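Subject: Structure handover

Hello,

Here is the structure I said I would pass on. Please look through it first; my notes follow below.

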Amino acid sequence: MYQIIKKNSQTNLKKIYLHSISRKHMILSFYKYFFVNDPKKLLNLIKIKLEKKNILGRIYISEEGINALISIPIIQYKYIKHFFKNINKNTKRMYMNYTIEDKKIAFWDLKIIFKKQIVSNKIKNFSFYGRNQGIYLNAWLVNKYFFDPNCIFLDMRNSYEYEIGHFSNAMTLPAQTFREQLEKLPKYLDLHKNKKIIMYCTGGIRCEKSTALLKYYGFPHVYHIYGGILSYIKQVKKYNLPNYFKGKIFVFDARLSEKITDDILSKCMNCQKYTDRVHINCFNDFCHRLFIQCRTCSIKLNSCCCLTCKNTLYK
Ligand SMILES: [Zn+2]
Ligand SMILES: [Zn+2]
C-alpha cells in the first residue's frame, strides 16, 4: 500500500536539506506517451543533467514515454521546462502542470527509474503509444457536458482518491488496481455504450490509456479531461467558470491531499460519519490498510482499522 516516509541514506538527507533551504519550490507534474528508442540512454541523460539541480521526486522512463512528479526550486523552472520539452520532438508541446509549494517538504528523495510502462496496466496484447486516445475536453466543455443526461462521467482514479473528492455526477469503477479497472471497463460501461463517456483522473495520464482501450473495444464517443482534474481546476479559476469538482484531491507526495472546495465527501470507515481527516494506515503493521477514520473511532480503536487489528496488537 501507499507509504510516504522511507529510510534515507546520508546523501538523500543532504539532498533534502539543500532542497529545503533553497526557499521557494514548485511541484511539477507531466507525462508524455511516445516511442522511446533507447530508454536507458534517455534515463542516463536525465540523470547527468539533473543530478546537481536540487530536485526531489520521481521520474519514470519507459519505452512508451515519460512520467514525472518532481519538486524543484522556482528559479530552476525555466531550465527544467526547457530541458524536458527538448528531450524529444514529441515532448515539445507536452502539457506541464505545476503548483507552488508551501513550506512543507513534498518528497524525501529523487528517483529516476526505468519501468516497463509509465503507468502500469499489464494488459496483454494491448500495445499503446498514444495514437488512438479519446477526444480532449477543456473545462468549459466539461461544464457543458456535466448537465447532459447523455453523458457518463467516469472517475479513473483509485477508490481512496474518489472517496475524498470527485465530480458529483461521476461513477467510480470498483477495483484494486488500474489493471483491474481496465479489464472491467468495457463490460462495466456496456449499458452506456452509445452515450458520451467522459473520463478523468488526476493529471490525465491514466485516461490516455483508458480512453484508447475503450475505443479499441468499439465505444464511439470517448472523451477525457485535458490535463485531468489539476488542469480543470486551473482553468476554472483562470476563466471564472463554475467548479463542479467537489472536495479534496489526493496528491502523491507528502502533502497527501489538497483542498479544492469546503465540501466534505469522505466518511469514517468505522461509523460512516462525514469527516475531514486525511487517510491513515492501520496502526497494526501487519494490516497497514489505508483508510479514513474520525477522531472518536480513532481513539476507540487506537488508530486501527478494526477491533481484530486492535486486539491482536494489544494482546
Ligand atoms: Zn468514526
Ligand atoms: Zn487493520
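Two residues are in contact when heavy atoms of theirs lie within 4.5 Å. Of the contacts in the chain with a separation of 6 or more, 66% are between residues 24 or more positions apart.

Some ground rules first. This is a predicted model, in which local features need pLDDT of at least 70 and side-chain atom pairs count only at pLDDT 80 or more, while totals for chains, interfaces and linings use all residues. Residues are numbered from 1 along each chain as its sequence is written, chains are lettered from A and ligands numbered from 1 in the order in which they are written, and side-chain values use heavy atoms, with hydrogens and water left out.

The chain has 10 helices and 15 strands. Helices (H or I, at least four residues) and strands (E, at least two) are DSSP runs, numbered from the N terminus. The chain has 315 residues, and 49% of them count as buried; buried means under 20% relative accessible area, exposed over 50%, and partly exposed in between (1.4 Å probe, protein chains only).

Which residues have the most contacts inside the largest nonpolar core? They are Phe30, Ile46, Ile59, Ile66, Ile70 and Phe84, in a core of 25 residues. A nonpolar core is a set of buried Ala, Val, Leu, Ile, Met, Phe, Trp, Tyr and Cys residues joined through side-chain atoms within 4.5 Å. Among the elements that give two or more residues to this core are strand 1 (25–33), helix 2 (39–50) and helix 3 (77–85). Leaving aside neighbours within four places in sequence, isoleucine 59 touches residues including Ile46, Ile66, Ile70, Phe84 and Ile112.

Helix 4 (residues 139–146) and helix 8 (residues 228–238) pack at an angle of about 95°, with their axes 9 Å apart. Axes are lines fitted to C-alpha atoms, for helices over the stretch in contact, and angles run from 0 to 180 degrees between N-to-C directions. Ala139, Val142 and Asn143 in helix 4 meet Tyr232, Gln235 and Val236 in helix 8.

Histidine 192 sits in the loop between helix 6 (178–188) and strand 10 (196–200). Histidine 192 is buried, at a relative accessible area of 19%.

Lastly, the cysteines. The structure holds 0 disulfides, a disulfide being a pair of cysteine sulfur atoms within 2.5 Å. Cysteine 305 is buried, with a relative accessible area of 4%, and cysteine 309 is buried at 10%.

Regards
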